[in-house]
Each structure stands twice: as structure tokens, then as C-alpha cells.
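Biologist: Could you take me through the reading of a few features in a model, giving the general idea before the case at hand?

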Amino acid sequence: MALNVIMLGPPGAGKGTQAERFAARHALPKISTGEMLRDGIKRGLPLALKAKEKIDRGELVDDRTMIGIVRERLSRDDTNAGFVLDGFPRTVFQGRELDAMMEELGKGPLIVIDITVPEEELVRRLAARRVCSTCGMNAEPIGEVASVCRRCGGTFAHRADDDDRVVRERLRVYAEQTKPVVDYYVGRPTFRAVNGAQPPDRVADELEATIVDAARTLVGFALGAQGQAGR
Ligand code: AP5
Ligand code: MG
């Protein structure tokens, strides 16, 4: 059964950190819409350059652009065994479109993880965050800040949208437009909340157990449906 995981959560919740770890552990592609946009800006791609102003202000990029990017990525064969989606959907409209896409592409149900962290901790993390200016990887939460990136040897810097004023706008936009996405999924049997306010290893352990549990729920449903069909 494919593991189609989406990671929800406010800016700084640890979506990227945990998506990376879970995807590597299960050999699944990690699809991070924020990273795709930042990478596109670096490479001078027109669509990403057009989105840059919004990203710099802490606003959301328009739904049509984001849905197009994700549809193209999910159409590739490497997502057949599953994927980990980080940063999408961010509006209820994107959520509905993702459901339609899953149906259209013949993919199974979604496992929805909401990583929760109190706001003061989010602000603290984003003010402290350093990312590699070459490959975009986060510096480790503790200890690696003064050294170089272990993936590519690049140097660390603030992420452009981690400026205090922009962070406040990102949190406002999250509350207004993305929190309703949690409400959109909350009634599903495969929706789970994970406590992100623990050390990263503990979050990763809780996430692993939670996703395994949600996947079991899906197997239960599939077996139930088979049983019904066989009657
Ligand atoms: P995006 O890149 O997705 O940014 P975000 O949602 O604001 O989230 P972050 O990447 O800041 O946080 P994260 O949850 O990934 O946390 P991380 O693991 O890095 O989007 C950027 C912009 O792109 C958006 O504002 C928007 O303009 C646009 N965009 C993207 N997708 C879009 C969409 N679908 N629709 C419209 N627009 C879209 O961790 C944060 C820090 O905390 C790091 O320093 C990390 O090392 C540290 N940390 C992580 N876990 C822990 C822990 N457990 N304890 C202590 N520190 C931790
Ligand atoms: Mg991220």
C-alpha cells in the first residue's frame, strides 16, 4: 500500500525537518513546495520569479500556480509507492484540488499529519534558523550554526522570509488561510496530530508510530471493503 503523507503545521513547526527524515527512512520522495519555489527562484524560472514578491512578503502564492506545480510532480512515477508532501495544501481550495488529483491519478488515500507547536516557540525557532545559502538545507537546531553545510559545504545564512516582520505575516496568513485546512481533514480516519514541541528525535519517533498506526487503519478499511465486495 502506498504511503501518501501530507505534513501540515505552521511556519517553523518542523514540517521540512520531519518530512526529510521520514521520506529518507521509507525511501519516498519528499515534495516541499516552499523548497521547489526557492530552488526555482535561484534557477531564474519565470513562474518562481513571479511568486518571489509574495514569498518575500509572507503571503501565499496563488492556488493555480501551486496546484499546477504539485500536479506535475505527483504525476511522476517515483510517487507510485507514496510521497511526503510538505507545505501543500495551504488553502481549503488546494485541499479539494489535491483530493481530486489523487482520484484522477489513481492514488490511494492520504495520511494527514498536523504538527503542532506553540506560537512563541515558532517565533523563537524562525529567528534562530540558519539555512545553507547554496542548497537550502537547515542547519541543525543545535551546534552546527557556525560551521558549513554537511550536505554541500555551503555557508549558512538567514532565510530571506525569516525576517521578524515577515514571520508575523506568515503566522497571520497561516491562521487565516491554512488553519482551515486542518479543519477540512480533521474528521478523516487517517488524520493525526503530532506534538512538534519536543526534541527532533522524539518528534520523529512519534511521527513514525503515528503514521504506521494511520496506515493500519487504511489496511483495515481496504480489507473491510474487500470483504463487502466478496459477499
Ligand atoms: P515554506 O517553505 O513551506 O515555509 P513555511 O510553511 O513557512 O514553513 P518553514 O519552512 O518555515 O517551517 P517548517 O515547518 O518546514 O520547519 P523546519 O523544519 O524548517 O513556504 C515558504 C513560502 O512559499 C510561503 O510563505 C508561501 O509564500 C510559499 N508557498 C509554499 N507552499 C505554498 C502553497 N502550497 N501555497 C501557496 N504558497 C506556498 O524547522 C524550522 C526551524 O526549527 C529550523 O531551524 C529547524 O532546525 C528547527 N527545528 C525543527 N524541528 C525542531 C524541534 N523539534 N525542536 C527544535 N527546533 C526544531
Ligand atoms: Mg519548511
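The dialogue below turns to an aromatic pair, the nonpolar cores and the ligand.

Modeller: This is a predicted model, in which local features need pLDDT of at least 70 and side-chain atom pairs count only at pLDDT 80 or more, while totals for chains, interfaces and linings use all residues. Residues are numbered from 1 along each chain as its sequence is written, chains are lettered from A and ligands numbered from 1 in the order in which they are written, and side-chain values use heavy atoms, with hydrogens and water left out.

Biologist: How many aromatic pairs does the structure hold, and how is such a pair described?

Modeller: A pair of aromatic rings is described by the distance of the centres and the angle of the planes. Rings of Phe, Tyr and Trp (its six-membered ring) pair if their centres lie within 6.5 Å, and planes under 30 degrees apart count as stacked, over 60 as edge-to-face and the rest as tilted. The structure holds one such pair: the ring centres of Y184 and Y185 are 5.1 Å apart and the planes stand at 70 degrees, so the pair is edge-to-face.

Biologist: Is Y185 buried or exposed?

Modeller: Buried means under 20% relative accessible area, exposed over 50%, and partly exposed in between (1.4 Å probe, protein chains only). Y185 is buried, at 0%, whereas Y184 is partly exposed, at 25%.

Biologist: Which residues touch the most other members of the largest nonpolar core?

Modeller: A nonpolar core is a set of buried Ala, Val, Leu, Ile, Met, Phe, Trp, Tyr and Cys residues joined through side-chain atoms within 4.5 Å. In the largest, which has 27 residues, L85, L98, L110 and Y185 touch the most other members. Its largest share, five residues, comes from α4, a helix in the DSSP sense (H or I runs of at least four residues, numbered from the N terminus). Leaving aside neighbours within four places in sequence, L110 has contacts (heavy atoms within 4.5 Å) that include F83, L98, M102 and Y185. A second, separate core of 24 residues includes M7, I115, L122 and L126.

Biologist: What surrounds ligand 1?

Modeller: A residue is near a molecule if one of its heavy atoms lies within 4 Å of it. Ligand 1 is surrounded by 35 residues, the closest being T17, E59, R90, R129 and R170, and α2 gives the most to this shell, with four residues. An oxygen atom of ligand 1 lies 2.6 Å from a polar backbone atom of E59, and a polar side-chain atom of Q94 is 3.0 Å from a nitrogen atom of ligand 1.

How values were computed. Helix = DSSP H or I, 4+ residues; strand = E, 2+ residues; numbered from the N terminus. Polar contact = N/O pair within 3.5 Å; in protein donor to acceptor, adjacent residues only side chain to side chain.
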